[in-house]
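This report goes through the structure shown below.

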Amino acid sequence: MTLRAQALWGACAIAALSTAAAAETTITIATVNNGDMVRMQGLSDEFTKAHPDIKLEWVTLEENILRQRVTTDIATKGGQYDVMTIGTYEVPIWAKQNWLAPLTDVPADYDVDDLLPSIRSALSVDGTLYAAPFYGESAMVMYRKDLADKAGVTIPDQPKWDDIMAAAKAMTDKGNEIYGICLRGKPGWGENMAFITAMANSYGARWFDMDWKAQFDSPEWKAALDDYLSMMNEYGPPGASSNGFNENLSLFQTGKCGMWIDATVAGSFVTDPDNSTVADSVAFAQFPTKGDLENHGNWLWAWSLAIPATTDAPDAAKTFVTWATSKAYTELVAEKDGWRAAPPGTRTSLYENPDYQAAAPFAEMTLKSMNAATPDHPSVQETPYTGGQFVAIPEFQGIGTAVGQQFSAALAGQVTADQALSSAQSLTDREMKRAGYPK
Amino acid sequence: MARAVTNQRKSINTLIAWAIGFLIFFPILWTILTSFKTEAEAIASPPSFLFFHWNLDAYHEVQERSNYFLHFWNSVVISLGSTLVGLAIAIPAAWSMAFVPAKRTKDVLMWMLSTKMLPPVGVLIPIYLIFRDTGLLDTRIGLVIVMTLINLPIIIWMLFTYFREIPGEILEAARMDGATLRDEIIHVLTPMAVPGIASTLLLNVILSWNEAFWTLNLTAAKAAPLTAFIASYSSPEGLFYAKLSAASTMAIAPILILGWFSQKQLVRGLTFGAVK
């Protein structure tokens, strides 16, 4: 064969290959490195087996990097991703900007009505769903039944903050490195402010009044922050101002916390006998309320899969999103890794499943907590905003983190509670004025 | 004449130097040790230093979940590519500033350095838009360009200081012998400045290798280097320290080995000349 003929054949082969490649759609999925997402990536072979024409590419990033990355991309219409993992904070804001493709015309067996109502409403704008929930969470009390019994205290299923404070006091045994209560202290809008905002909601506080004026000078905020600080200073672990979800998880799992109030998703971690030394003795209660108020903090979050409007493969992306958040996917997880591992907090059917109820001791309280959350009405007082443990406005990331730094400094003893509240008040008002509120 | 140093003094100095060296190296050592623990041992308190159940689980999992070699190759291409392109531009630039300075050369040097003072996030959106419109997002070429531009001021500054140490008379002599400008730079200047160029090259490879803002923000699945590989092992909800440590160890290993073998060159280059 002459060189020219060889070249010709080579060119034909390349052309044939590229035609084959063109028939295949590649979708790029941006996600966070949480256990449930890692499992999804592992199980995605099942998806590509069923859809050989769709190829998946994964970009897994740390939460804050991911948020910065996907926000830059979607705001500039960069089009690098076909599926993005975002939360209940981003979905309504981005949907209103027309950055997300609505999730309409989903397959009939997807059963949209099976999604938990609170989650569905948090991911919808004007009744249209803009993201599919992958796993959801509220917040609850996780506590050591053995320590509570030993200290002679009972924690009711619907505790009040007074019950929590009394139990924290009774369970604390600093000599043996057992701290009555572990709470988030690490500054950040999604770290300490998630907890403190939920706690303040339950105390009847609100971030803003109807004129978008900051409310940190209100008695409700003062009471909430004072109680938070005194609980943590008297019964909390040392160095709590740098503790976030993972730090508290490890403290609780190694038997150093009497109670931990945090995301419901932790239920499966603390009851996991492979990693938790206290797996057998954990019990659960709802997020505490204050006095006569019936507000459980309204913590609600769902890591969700959304399709940016800029995608060039909307159909393939939708096929993947509806696969990963379907009932069939839950069953696939149960079949491979057991019911305990099923992604929690998105579908009613999961909580009606007796196998799941038997395998997941935290299931009942998780569902109760999620159903109690009303992000449309964060506080008993009227608010101009929605959101539970956050305020659903674009400015909240910056303001929430700045306020979180003040409260973390108060926990570390660098400033007093009053100083922290007054700094929070002035910085929030300043930033809101700059951002042009009221709008 | 060197000062007389007693043996005792010498051993104390050595001990202090070792202690400081160990202190600086400790975080890396801890990362390496943690990578051989299980997730539960990685968060155990008090932590165990050496007496834990040594295992390779974290490495297995990282290997299974990520395409290490893709990220590694991207890192190699980006760091070497940007350094070589940078050197090709910087050698002539530094030559002209060192041997034929103009009235404003000093200002130009200062201006170049000032570009390093701008926080990169300030220009993220404009650069992202340029990349989007030129189709450079998530490409190795795009990152080579950005890394070249970012490190160019440092490369030029380093080379400039090395070149300044070389007596101009030698270059004049070469010119008298009929060397063209090209010959002069390639055959006379470059060989004499090899230690300086080598250490500039090494330092810039290391800087590019470790750069974690642009490499994370301008890539997605295809061109992501080892920084993105590390960033994929941190988790907001769940235990990850052992896996993160394994990923970090795998990411720093190549550059650590390179640094180890080239430390003589690096030290020689950084201390090159009489006044340093």
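## The five-strand sheet of chain A

In this predicted model, 5 strands of chain A form an open sheet with mixed pairing, in the order E2-E1-E3-E11-E6. Strands here are DSSP runs of E with at least two residues, helices are runs of H or I with at least four residues, and both are numbered from the N terminus. Two strands count as paired if DSSP finds at least two bridges between them. At the edges are strand E2 (54-61) and strand E6 (132-137) of chain A, each of which pairs on one side only. Neighbouring strands of this sheet are turned by 15 degrees against each other on average, direction ignored.

Inside the sheet, strand E1 (residues 25-32) and strand E3 (residues 83-86) of chain A are joined by 2 bridges in the parallel sense. Ile29(A) has Val83(A) in E3(A) as its bridge partner. Helix H2 (residues 35-50) of chain A lies across E1, E2, E3 and E6 of chain A and runs at about 170 degrees to E2(A). For such angles, axes are lines fitted to C-alpha atoms, for helices over the stretch in contact, and the angle between N-to-C directions runs from 0 to 180 degrees.

## The four-strand sheet of chain A

Another open sheet of chain A has 4 strands in the order E8-E9-E7-E10, again with mixed pairing. Strand E8 (179-182) and strand E10 (282-286) of chain A each have a single partner strand, so one side of each is left without a neighbour in the sheet.

Strand E7 (residues 139-144) and strand E9 (residues 257-263) of chain A run antiparallel and are joined by 5 bridges. The bridge partner of Met142(A) in E9(A) is Trp260(A). Helix H16 (residues 363-372) of chain A lies across E7 and E10 of chain A, at about 20 degrees to E10(A).

## Chain A as a whole

Chain A has 18 helices and 11 strands. Its radius of gyration is 24 Å, close to the 22 Å that the globule rule gives for 439 residues, so chain A is as compact as a globular protein of that length. The radius is taken over C-alpha atoms, and the rule is 2.2 Å times the number of residues to the power 0.38. Along the principal axes, the C-alpha atoms of chain A fill a box of roughly 90 × 50 × 40 Å.

## Domains of chain A

The domain assignment, whose bounds come from an automatic or database source, gives chain A domain 1 (23-130 + 301-359) and domain 2 (139-299 + 375-434). Their centres, taken over C-alpha atoms, are separated by 29 Å. Each of the two domains gives 8 residues to the contact, where residues are in contact if their C-beta atoms, placed from the backbone, lie within 7 Å.

## Contact between the chains

The contact takes 27 residues from chain B and 29 residues from chain A. On the side of chain B, H6(B) gives the most, with 5 residues.

## Confidence and numbering

The predictor gives the complex an ipTM of 0.81 and a pTM of 0.85. Chain B averages a pLDDT of 89, and 95% of its residues score at least 70; pLDDT is the predictor's confidence in each residue, from 0 to 100.

Residues are numbered from 1 along each chain as its sequence is written, while chains are lettered from A and ligands numbered from 1 in the order in which they are written. In this predicted model, local features need pLDDT of at least 70 and side-chain atom pairs count only at pLDDT 80 or more, whereas totals for chains, interfaces and linings use all residues.
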